[in-house]
Amino acid sequence: MRIGVIGGGLMGSGIAEVCARAGVDVTVVEADAAGAERAQERIEKSLDRGARSGKLSGEQRQAAAERLAYSTTVDDIAGADAAIEAIIENEGAKRELFKRLDAVLPDAEFLASNTSSVPIMKLGAGTSKPERVLGLHFFNPVPVLPLVEVVRSIMTGEEALARARSFAQDTLGKVCIDSQDRAGFVVNALLFPYLNDAVRMLEAPTRLGEGGERKAVPGGDRLVVAERLRAELTLLEEPLRELRLELASKDESAVLERLQQLRGHALLRRPREREPLDTVRVGILRRGEAAFRKQELPE
Ligand SMILES: NC(=O)c1ccc[n+]([C@@H]2O[C@H](COP(=O)([O-])OP(=O)(O)OC[C@H]3O[C@@H](n4cnc5c(N)ncnc54)[C@H](O)[C@@H]3O)[C@@H](O)[C@H]2O)c1
């Protein structure tokens, strides 16, 4: 099987690595040569980590690296059996890309997006065969976390859905859950209201009491997570202040680089230390990035 992964950032490189480790030939398409180089570096480092920790033999590591090709043009994935898109979360860019994928891959089994928030229906609508467009929502870090949400839009067909599900489950060995094409799919739709509620409850601490009383509240674990979240937000104040200074210098690339570094740090924790909070923290940094792009960084 051969697959195209478009976007070799945090998620795309993880998805490409997992595919190559599962014996699939992969072409990673990045926006430019520097992006392709970064993607290759990231994947090779991760394969090295896998080999060092004994999850991969030296031969398996080598074989996976040889199944990977890197490119800067979607034309290079012509003839692939399927594509998974993991470019930046920008609806316009994704819609354009799906039109292009539709033209380059007329016979592909499915065209999947890893989006967390763009409706799959909108991506399918611009293609000639919306029945083969669906979501495969992986979680970071892809080589470690088993879950994939398989997202169907009202236009997704059974055949593409079955093939994508079988690819994620049988070929990649992931655990799949089905999701409707709705905000937050399943995981984020559960997680964010849960945390938001807990944060709101913490805002009225006198009613909830402290310490022992909190532990006695059914669902008190939420409060613990919310408390940690509040601490994380406090920790982010300093970086945001620094960012405002950089923003004042109008050096856009420096600010974006800094935000991306911060997002990277939020994700570089060891698996046993990782928890839902990371998703929230990355979300906050993403919002910061979006705000910066609109020149609206918070005061
Ligand atoms: N980060 C997460 O935890 C997470 C989890 C699940 C889903 N997602 C989704 O996955 C997608 C990618 O997120 P990410 O965190 O990997 O972002 P990222 O910024 O790390 O990577 C995006 C990559 O896409 C490349 N790119 C941009 N436009 C391109 C184009 N037209 N063609 C080819 N490459 C292009 C960029 O150069 C960049 O390397 C987003 O839709 C995001 O919402 C992210």
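**Helix packing and a strand residue**

Analyst: Starting with the contact itself: Gly 12, Ser 13, Ala 16 and Glu 17 of helix 1 meet Ala 39, Arg 42, Ile 43, Ser 46 and Leu 47 of helix 2. Keep in mind that this is a predicted model.

User: What's the split by class in the contact of helix 1 with helix 2?

Analyst: There are 4 nonpolar, 3 polar and 2 charged residues in it.

User: And at what angle do the axes of helix 1 and helix 2 cross?

Analyst: Roughly 50 degrees, with the axes of helix 1 (residues 10–21) and helix 2 (residues 33–52) coming within 9 Å. Helix 1 is therefore oblique to helix 2.

User: Is the crossing left-handed or right-handed?

Analyst: The crossing of helix 1 and helix 2 is right-handed.

User: OK, the strand residue. Where is Leu 68 found?

Analyst: In strand 3, which covers residues 68–71.

User: Buried or exposed, and why?

Analyst: Leu 68 is buried, because 23 other C-beta atoms lie within 10 Å and the cut-off for buried is 20 or more.

User: Which residues does Leu 68 touch?

Analyst: Leaving out residues up to four places away in sequence, Leu 68 touches Ala 16, Ala 20, Val 26, Val 28 and Ile 43. Ala 16 and Ile 43 also take part in the contact between helix 1 and helix 2.

User: How far is Leu 68 from Glu 17?

Analyst: Their C-alpha atoms are separated by 8.2 Å, and the two residues are 51 residues apart along the chain.

User: Zooming out, how many helices and strands does the protein have?

Analyst: 12 helices and 8 strands. Of the 299 residues in the protein, 32% are buried.

Conventions:
Residues numbered from 1 in each chain as written. Predicted model: local features only at pLDDT ≥ 70, side-chain atom pairs only at ≥ 80, totals over all residues. Helix = DSSP H or I, 4+ residues; strand = E, 2+ residues; numbered from the N terminus. Buried ≥ 20, exposed ≤ 12 C-beta atoms within 10 Å, placed from the backbone. Axes fitted to C-alpha atoms, helices over the stretch in contact; angles between N-to-C directions. Parallel < 35°, antiparallel > 145°, perpendicular 65-115°, else oblique. Left-handed = near helix turned anticlockwise from the far one by under 90°. Contact = placed C-beta atoms within 7 Å. Nonpolar A, V, L, I, M, F, W, Y, C, P; charged D, E, K, R; others polar.
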